[in-house]
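Trainee: Could you walk me through this structure? I am new to it and would like to start with a single residue.

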4 protein chains.
Amino acid sequence: MYSFRNDYSEGAHPTVLNALTRTNLEQTCGYGNDPYCTAAAERIRRLCGQPDADIHFLVGGTQTNLVVIHACLRSFEAVIAATTAHVNVHETGAIEATGHKVIAVPSSDGKLTPALMEGVLAVHSTEHMVRPKLVYLSDSTEIGTIYTRAELAAIREFCTANNLLLFLDGARLGSALTAEGNDLTLPDLAELTDAFYIGGTKNGALFGEALILTNPLMRTDFRFYMKQRGAILAKGRLLGIQFDALLENGLYFDLARHANAMATHLQEGIAALGYDFASNSPSNQIFPILPDSIVRRLQDVCEFEVDHTDGMGKTCIRLVTSWATPQEAVDQFLKDLAAIG
Amino acid sequence: MYSFRNDYSEGAHPTVLNALTRTNLEQTCGYGNDPYCTAAAERIRRLCGQPDADIHFLVGGTQTNLVVIHACLRSFEAVIAATTAHVNVHETGAIEATGHKVIAVPSSDGKLTPALMEGVLAVHSTEHMVRPKLVYLSDSTEIGTIYTRAELAAIREFCTANNLLLFLDGARLGSALTAEGNDLTLPDLAELTDAFYIGGTKNGALFGEALILTNPLMRTDFRFYMKQRGAILAKGRLLGIQFDALLENGLYFDLARHANAMATHLQEGIAALGYDFASNSPSNQIFPILPDSIVRRLQDVCEFEVDHTDGMGKTCIRLVTSWATPQEAVDQFLKDLAAIG
Amino acid sequence: MYSFRNDYSEGAHPTVLNALTRTNLEQTCGYGNDPYCTAAAERIRRLCGQPDADIHFLVGGTQTNLVVIHACLRSFEAVIAATTAHVNVHETGAIEATGHKVIAVPSSDGKLTPALMEGVLAVHSTEHMVRPKLVYLSDSTEIGTIYTRAELAAIREFCTANNLLLFLDGARLGSALTAEGNDLTLPDLAELTDAFYIGGTKNGALFGEALILTNPLMRTDFRFYMKQRGAILAKGRLLGIQFDALLENGLYFDLARHANAMATHLQEGIAALGYDFASNSPSNQIFPILPDSIVRRLQDVCEFEVDHTDGMGKTCIRLVTSWATPQEAVDQFLKDLAAIG
Amino acid sequence: MYSFRNDYSEGAHPTVLNALTRTNLEQTCGYGNDPYCTAAAERIRRLCGQPDADIHFLVGGTQTNLVVIHACLRSFEAVIAATTAHVNVHETGAIEATGHKVIAVPSSDGKLTPALMEGVLAVHSTEHMVRPKLVYLSDSTEIGTIYTRAELAAIREFCTANNLLLFLDGARLGSALTAEGNDLTLPDLAELTDAFYIGGTKNGALFGEALILTNPLMRTDFRFYMKQRGAILAKGRLLGIQFDALLENGLYFDLARHANAMATHLQEGIAALGYDFASNSPSNQIFPILPDSIVRRLQDVCEFEVDHTDGMGKTCIRLVTSWATPQEAVDQFLKDLAAIG
């Protein structure tokens with residue numbers, strides 16, 4: 001039974017696994033101070049056009065989010081995020097556990113805007129309230145939408161004008177940067193944010209997120225913050241090796257393009273059958289809205305997550321594709337849906 | 001220029017200050033282990049009809065809230081509160097600084113209901129999310145409204161059914177319990193909540209909140225939590241002496257009744273001039289909505305806080321009365337408003 | 001039965017209480033933004049010779065320690081303190097609860113020295129360890145000893161050379177600055193530390209510590225840190241009024257001198273009876289070592305704390321005097337000891 | 001140049017890597033809820049003789065330590081550890097960052113004893129101090145020593161008698177359990193501790209620690225604590241696959257035996273050359289003490305860490321062997337040392 005449950009159902013892309021195998025018995029020093037991490041970091045700096053950026057490799061997304069956000073903020077400072085943001089809903093209070101409030105802003109498309117942030121700043125004025133200091137975005141967002149360059153530039157401008165830092169969660173950055181409608185590049189992200197990461201876990205790696213810190217203020221002593229949260233991997237080279245393999249020759253983007261193509265194929269097929277979607281997603285997560293009865297029968301033939309039900313007969317499900325999703329699985333899903341519907 | 005800015009503009013009621021003066025040179029042991037705290041605690045147990053309750057005296061409201069909430073929760077557990085709740089907006093992230101998420105629920109009247117809490121529980125289901133565990137209420141609320149016995153009993157029932165703890169912030173409890181429409185008593189509160197406090201700072205004391213812990217699970221080792229947050233006063237007796245003076249012969253309630261009477265007088269007078277209010281408050285905080293221009297002129301003749309402006313010519317202000325508010329100040333305000341309006 | 005248990009057994013010095021009574025019914029704004037706090041702060045700046053220092057008033061010592069230390073440190077930075085330091089042993093892990101390690105250094109006299117700090121720095125070198133960043137001293141120390149100007153200057157020099165901040169806990173600063181052998185002044189402390197406080201609770205106030213922040217880096221946004229820990233008193237003026245009364249005309253120092261004189265009288269009397277002391281204290285805490293049997297009999301006639309027993313027949317007790325200790329109590333103690341011994 | 005720097009210089013044992021490769025393209029659900037983790041957990045329960053134990057797989061040691069210790073303790077509770085303990089010195093204050101004090105006890109051999117713990121309990125008696133609640137051991141210890149069954153049983157007995165929890169860090173457990181002089185088994189550990197872990201990172205895995213929770217009180221909701229610290233790996237199966245491969249047919253212990261044999265060979269060879277050692281280690285870390293000049297010349301021919309110097313001409317170095325250490329590297333080291341010495 002095929003699973004569209006998420007984009008981390010398989011292991012690593014064979015190229016990545018081969019790189020790990022090839023280097024397996026070499027001795028290197030630990031904690032990311034090895035030649036592989038150095039090389040991967042150098043490659044990322046080049047790809048981002050940021051020779052001075054600091055690059056750190058972490059194991060997972062929640063870990064990266066909590067380390068970065070905590071490192072940015074003094075204890076009374078807070079992070080602004082969309083209500084749907086991963087840091088707000090799906091990290092078991094990881095940010096609050098480091099002492100910081102997440103100021104959640106309702107947003108219909110999972111994205112923040114200067115206007116939404118302006119509303120937050122307007123009501124936080126004295127020492128009796130937290131001070132908004134960091135803006136958290138995800139691209140693609142948790143509901144599959146993506147930012148345009150103009151949107152991100154406007155947010156950057158707002159942040160600069162209001163002394164806010166800008167952090168972009170790129171757990172699904174590959175999918176975002178290769179989605180239809182995207183006009184952002186790695187150099188854009190490096191220029192427009194203070195920190196962002198290139199997600200490996202959901203796009204071809206066994207695990208791993210590559211964090212780019214461009215703001216000098218955030219770079220100082222960052223490894224202390226990592227270590228304190230258990231976020232320096234002993235065999236750190238595993239991260240360097242994987243990212244070097246992924247980013248060499250654009251494999252990372254090829255994998256993401258495949259995932260997007262599969263999602264688009266799914267979306268078009270589902271739309272052709274007359275169903276709507278909860279969000280307008282060009283990326284590798286789509287959110288069709290189906291009758292409850294159809295969802296129940298689909299669950300017999302494939303795996304996916306239910307996002308929510310409206311209590312009136314309709315259920316929104318989430319379908320996620322990945323670098324490993326075969327065309328056949330997509331075709332089968334559409335055939336099954338057509339047969340059930 | 002009279003100030004309706006808050007209910008802690010003056011010192012203590014003379015009876016309270018006299019009690020402090022009378023006992024000033026006696027020697028007692030510190031940290032609340034003195035005969036005055038013992039006597040005040042015993043009096044509170046009697047007033048609450050809870051011979052086994054633990055009573056602790058703390059200096060202020062934010063301190064009490066953060067100590068109690070932190071003591072109740074494991075690190076992944078969260079507190080449910082109205083969006084307007086003091087712990088959500090006016091404590092500089094004090095709860096988050098102890099590691100816990102505040103799940104804020106929009107509520108038009110500043111009060112929680114089982115239906116609102118049900119909505120929170122429905123979306124918090126797995127280990128990827130915080131677990132709602134404690135319900136925070138304030139009575140009177142931050143916008144002056146109060147709970148009825150039926151409302152509180154329904155919340156209690158919901159909490160019991162859903163394994164939630166219930167904590168009531170009584171910073172303005174005197175005003176709530178003496179407000180028109182109130183049918184709650186101290187024994188009701190002690191029976192229906194797991195913890196609540198009787199606020200002294202805003203009703204006749206120099207400072208101090210008397211915390212009543214009825215749930216045995218919350219009582220164990222509570223003083224460790226207090227000490228760790230710097231919340232055990234060295235000369236703890238100052239708190240016992242004040243509460244004993246306030247609660248003897250019902251002075252606490254007499255003072256609150258006066259504050260409410262002054263607020264009601266204000267509210268009726270303002271309403272008679274044709275103005276509306278942002279909330280339906282029977283307690284000692286009222287929220288008239290006035291034209292911006294009138295607010296500006298009122299600021300020349302008395303002090304108060306601006307709650308918010310609607311951007312279209314209207315401003316909501318907050319007027320707070322206290323045990324010390326003279327009838328003359330109220331009359332003068334109404335005269336001034338009539339003259340300006 | 002007289003108590004030498006501590007120096008917060010009584011209320012406030014009458015001059016202080018009178019000031020509170022005299023101003024009791026005035027209206028002021030809250031949170032320390034009132035004219036009394038302003039005046040007291042201005043007086044403290046003058047006494048310290050630091051026109052630019054920030055002055056904050058807090059309620060108690062543990063609260064002050066945890067707010068200051070947390071405000072100084074990034075999460076991976078640690079505080080160096082003597083093993084006997086209040087923050088290490090008597091605050092229920094308050095510093096750790098804000099996320100920071102206390103690096104405890106054994107010291108025979110309760111004081112730190114550059115050599116002791118050097119040893120700490122030598123073993124903390126990488127991101128796998130905390131970074132020592134703040135030095136915590138208390139004057140007088142927890143065992144009654146005091147720093148000389150030369151000692152403090154040497155520590156300051158070491159701190160400056162090693163990029164360490166210096167914070168001095170002055171819970172018993174009055175006693176230290178008036179002790180025999182002291183050559184430190186308030187201007188010295190303000191010049192040599194980054195932050196220190198003048199303790200009121202243990203020297204004439206009902207409660208209160210006056211914090212002097214001279215390092216500009218520590219001054220930014222300090223009130224946010226205070227509020228987040230529940231450390232901004234609603235009726236903040238109570239602190240300003242008390243400190244203004246204490247510091248006007250040198251009352252604060254007169255009270256401390258009396259306490260020291262009583263302690264010295266005790267110490268000399270006990271020494272004359274042939275007993276030794278666990279520390280060489282010129283301040284208001286003394287630590288005689290007595291046979292266990294004598295201690296047990298003394299406990300029938302006065303109150304004090306047992307510091308420790310050596311398991312071989314000797315017990316070290318702590319006797320604390322205060323501004324309120326009458327000569328008669330001291331004489332009676334010595335008479336009792338002579339009779340028992 | 002061969003490196004004796006640590007036991008995580010290489011990747012995974014080929015058997016482990018093969019298992020990852022073989023399963024790479026299978027789809028499983030995430031977060032450790034997959035059949036591989038289930039099977040590995042079941043295998044561990046069998047090996048431990050604990051059918052009801054909870055098994056969790058985490059990525060690294062510091063992460064495991066901070067999640068477990070935080071999950072065990074209320075905020076005022078503290079952990080007792082040897083001064084040399086990893087949690088005390090080499091985790092950048094990770095435990096304190098979760099809010100808890102580490103009470104460090106000097107110990108000449110890196111091990112705790114009931115007598116040492118008794119000393120801690122004796123001085124922690126009131127709510128003004130933290131409460132010792134958890135004992136942290138490591139086996140092998142940070143200086144290579146190991147616990148006997150009798151020693152661990154005595155500690156267990158002390159813990160039970162004093163209401164303490166017992167947690168054993170098994171980052172190098174394989175080496176400990178196969179060392180000469182060891183008489184502990186996995187079932188012993190499961191019976192005598194409340195929680196312990198089998199370290200994979202340092203004995204054949206790419207990464208990973210298998211945590212065994214036997215105390216029912218610690219098992220409740222443990223995954224919430226993991227998730228909140230970013231310690232649930234998305235592709236959790238990577239951990240299950242590795243541990244299943246390691247523990248099938250005793251590979252884990254075979255690898256550890258090899259590491260120990262290499263260390264013993266080194267130790268005997270160094271001793272034969274007339275040098276002393278800083279600790280009596282039967283496990284895979286040894287600590288020879290050599291003249292400074294020899295250490296400097298050794299650094300030209302192989303890699304290792306300097307533990308400390310005595311300032312008088314002698315340096316203690318650390319040599320670590322692993323499952324991957326070839327006999328030739330050991331022989332070469334001894335030849336080099338003989339030539340240099």
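Trainee: Which residues does Ser107(B) touch, not counting those up to four places away in sequence?

Mentor: Ser107(B) touches Ala82(B), Thr83(B), Leu112(B) and Leu116(B), where contact means that the C-beta atoms of two residues, placed from the backbone, lie within 7 Å. Please keep in mind that this is a predicted model, in which local features need pLDDT of at least 70 and side-chain atom pairs count only at pLDDT 80 or more, while totals for chains, interfaces and linings use all residues. Residues are numbered from 1 along each chain as its sequence is written, and chains are lettered from A and ligands numbered from 1 in the order in which they are written.

Trainee: Where is Ser107(B) found?

Mentor: Ser107(B) sits in the loop between β3 (102-105) and α6 (114-122) of chain B, with helices (H or I, at least four residues) and strands (E, at least two) taken as DSSP runs and numbered from the N terminus.

Trainee: And why does Ser107(B) count as partly exposed?

Mentor: Ser107(B) has 18 other C-beta atoms within 10 Å, and a residue is buried if that number is 20 or more, exposed if it is 12 or fewer, and partly exposed in between.

Trainee: How far apart are Ser107(B) and Leu239(B) in space?

Mentor: Their C-alpha atoms are 34 Å apart, and the two residues are 132 residues apart in sequence.

Trainee: Switching to chain C, where does Asp331(C) lie?

Mentor: Asp331(C) belongs to helix α15 (residues 327-340) of chain C, and it is partly exposed, with 13 other C-beta atoms within 10 Å.

Trainee: Let's talk helix packing: at what angle do α1 and α12 of chain B pack?

Mentor: Helix α1 (residues 14-22) and helix α12 (residues 237-247) of chain B pack at about 135 degrees, with their axes 9 Å apart; the axes are lines fitted to C-alpha atoms, for helices over the stretch in contact, and angles run from 0 to 180 degrees between N-to-C directions. That makes α1(B) oblique to α12(B), because angles under 35 degrees count as roughly parallel, over 145 as roughly antiparallel, 65 to 115 as roughly perpendicular and the rest as oblique.

Trainee: Which residues make that contact in chain B?

Mentor: From α1(B) come Thr15(B), Val16(B), Ala19(B) and Leu20(B), and from α12(B) come Leu238(B), Ile241(B), Gln242(B), Ala245(B) and Leu246(B). By class, the contact of α1(B) with α12(B) has seven nonpolar, two polar and no charged residues, where Ala, Val, Leu, Ile, Met, Phe, Trp, Tyr, Cys and Pro count as nonpolar, Asp, Glu, Lys and Arg as charged, and the others, Gly among them, as polar.

Trainee: What about the interfaces, say how many residues of chain D are in contact with chain A?

Mentor: There, 40 residues of chain D are in contact with 40 residues of chain A. On the chain D side, α1 (14-22), α3 (61-72), α5 (94-97) and α11 (222-228) each supply at least two residues, and that side has 17 nonpolar, 18 polar and five charged residues.

Trainee: And how many residues of chain A are in contact with chain B?

Mentor: In that case, 16 residues of chain A are in contact with 16 residues of chain B, and the side of chain A that touches chain B has six nonpolar, seven polar and three charged residues.
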